[in-house]
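The entries follow the order in which I looked things up.

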Amino acid sequence: MVATHTHDATGATEATSDAITNAERQAPSRTLPPAKKLRVATASLAGCFGCHMSLLDIDERLIDLIELVDFDRTPITDIKHLGDCDLGIIEGGVANAENVEVLRGFRRHCRILVALGACAVNGGIPAMRNGFALSECLEEAFIDGIGLYNRGIPNDPELPLLLSQVHPIHEIVKVDYCLPGCPPSGDAIWAFLTALLQGRPIALSDKQLHYD
Amino acid sequence: MAIVEGRFRLDGVEIPFQPGQTIMDAALAAAVYIPHLCHHPALLPHGSCRVCVVRVNGREVSSCTTPATAGLEVESETEALRALRVAILQMLFVEGNHVCPACERTGACELQAVAYHCGMLEPHFTHFFPRRELDASHPDLVLDLNRCILCERCVRASRDLDRKRVFAVAGRGLDSHLIVDSPTGRLGDSRLELTDQAAHICPVGAILLRQRAGDVGERHGFRVPIGERPYDRESISRVGDVATLVEES
């Protein structure tokens, strides 16, 4: 494997031949065939769309990305139904029944599934409600909160039912890769995506690996 | 009697040591970083977090509690030990409620910084999501047990440096938790003061300093933006206590 985890500058822990490499950390378990345009889908579950905004932060490199991929279901295309894809990217954790359904659909249709950002990776901010009973959260939000009128917990049958806890996506389906960050920077997403799409080992620099 | 200095090898590099030093002491003195959390140079070794695991003569040992002896062959930055450390860190993360984006200590948190150093990308295990107490009764400090990793740095600092014994760990196994010596069990009723070393030694965001408008110095909290905090700028292997010790000597 190529040495890739570059602890930049003075190199007290510069990756050496037998030392730590991100390549070994996330050796591509399934490699993608090159040349053909790859089909990519994305979705935001219990997230804030910040990771999708960060994807847009790759700026003009979006044009390069379009050379490599076609988008299937994403908030960018507004396609509602998921087709077979090479790569699925999930932002956000799993907080309700619809999240579970969407996530399982992504796992069925995507050869490679990526958890993008803190919420997908470990539940993130929405999972902070796990320290309270669901009834406490609903009562605080819809009954006891200050300045509410028409108090009452919404019960329209079209609303997806909330789960008792928010879960990271790896607790529901198998996840192939995780990219942490709240959100991961545009640079981290670009480094991650280009390496993955070109079948190279994934390498994140010190500046690109963070949890906040 | 003259002090006899010995040498051992850490990842192939000769490290000098004085009698009585541990592998960790000698490595820190030589400005060589071994990942660690419960170890603090000012405190007695504790050996509880196991993040400083190294391989010595074919066995994994904690470098903060293993005495340095002449001629040892110590491995630290290998893939096998990195994987072991990541597994330990993952267990620490899933056992508590470590929500980095919502924590004031983010970017200055040693748990997070060591996880960055070791390349931890995901929690791997099922999150435990425990329900733990937050004690905001103290005028200068907040104790948030959601983030406590039971390293006992505050326990040792309060006992050995401040001579107050404000903190202890009670319970066993999953019930292990930090307790406060006060009539009510609350931090506000304890003898802990802002000037105590125990108030400043937490490696994570479990003991935080309260802020008020106009506070200066260490009580800066969110005034240093995320992205510009110590371990955002540099790896803990270069700016942690390993660097401070070299500056002092």
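This is a predicted model: local features need pLDDT of at least 70, side-chain atom pairs count only at pLDDT 80 or more; totals for chains, interfaces and linings use all residues.

Entry 1. The angle I looked up for α3(A), residues 61–68, and α7(A), residues 186–197, is about 20 degrees, and the axes lie 12 Å apart. I recorded the crossing of α3(A) past α7(A) as left-handed. On the α3(A) side the contact is made by Arg61(A), Asp64(A), Leu65(A) and Leu68(A), and on the α7(A) side by Gly186(A), Asp187(A), Trp190(A), Leu193(A) and Leu197(A). Sorted by class, I have 5 nonpolar, 1 polar and 3 charged residues in this contact.

Entry 2. I stayed with chain A and turned to the peptide bonds. I found a cis bond joining Cys182(A) to Pro183(A), with omega of about -5 degrees. Most peptide bonds are trans, so I marked this one for the record. I placed Pro183(A) in the loop that runs between β7 (177–179) and α7 of chain A.

Entry 3. I moved to chain B and its helices α2(B), residues 79–95, and α3(B), residues 110–118. Their packing angle is about 145 degrees, with 10 Å between the axes. This crossing, of α2(B) and α3(B), is left-handed. From α2(B), I listed Arg82(B), Arg85(B), Val86(B), Leu89(B), Leu92(B) and Phe93(B), which meet Leu111(B), Gln112(B), Val114(B), Ala115(B) and Cys118(B) of α3(B). The class count for the contact is 8 nonpolar, 1 polar and 2 charged residues.

Entry 4. How is chain B divided into domains? I noted domain 1 as 6–80 and domain 2 as 132–210. Their centres, over C-alpha atoms, are 28 Å apart. I found 10 residues of domain 1 of chain B in contact with 11 residues of domain 2 of chain B. Between these two domains about 830 Å² is buried, and carbon and sulfur atoms give 61% of that area. Within domain 1 of chain B, the residues that lose the most area to domain 2 are Leu37(B), Leu43(B) and His46(B), together 54% of what that side buries.

Entry 5. I ended with the backbone of chain B. Asp11(B) is not a glycine, yet I read a positive phi of about 50 degrees for it. I located Asp11(B) in the loop between β1 (6–10) and β2 (13–17) of chain B.

Conventions:
Residues are numbered from 1 along each chain as its sequence is written. Chains are lettered from A and ligands numbered from 1 in the order in which they are written. Side-chain values use heavy atoms; hydrogens and water are left out. Axes are lines fitted to C-alpha atoms, for helices over the stretch in contact, and angles run from 0 to 180 degrees between N-to-C directions. Helices (H or I, at least four residues) and strands (E, at least two) are DSSP runs, numbered from the N terminus. A crossing is left-handed if the near helix is turned anticlockwise from the far one by less than a right angle, and right-handed if clockwise. Contact means heavy atoms within 4.5 Å. Ala, Val, Leu, Ile, Met, Phe, Trp, Tyr, Cys and Pro count as nonpolar, Asp, Glu, Lys and Arg as charged, and the others, Gly among them, as polar. Domain bounds come from an automatic or database domain assignment. Buried area is the accessible area (1.4 Å probe) that two parts lose on being put together, summed over both.
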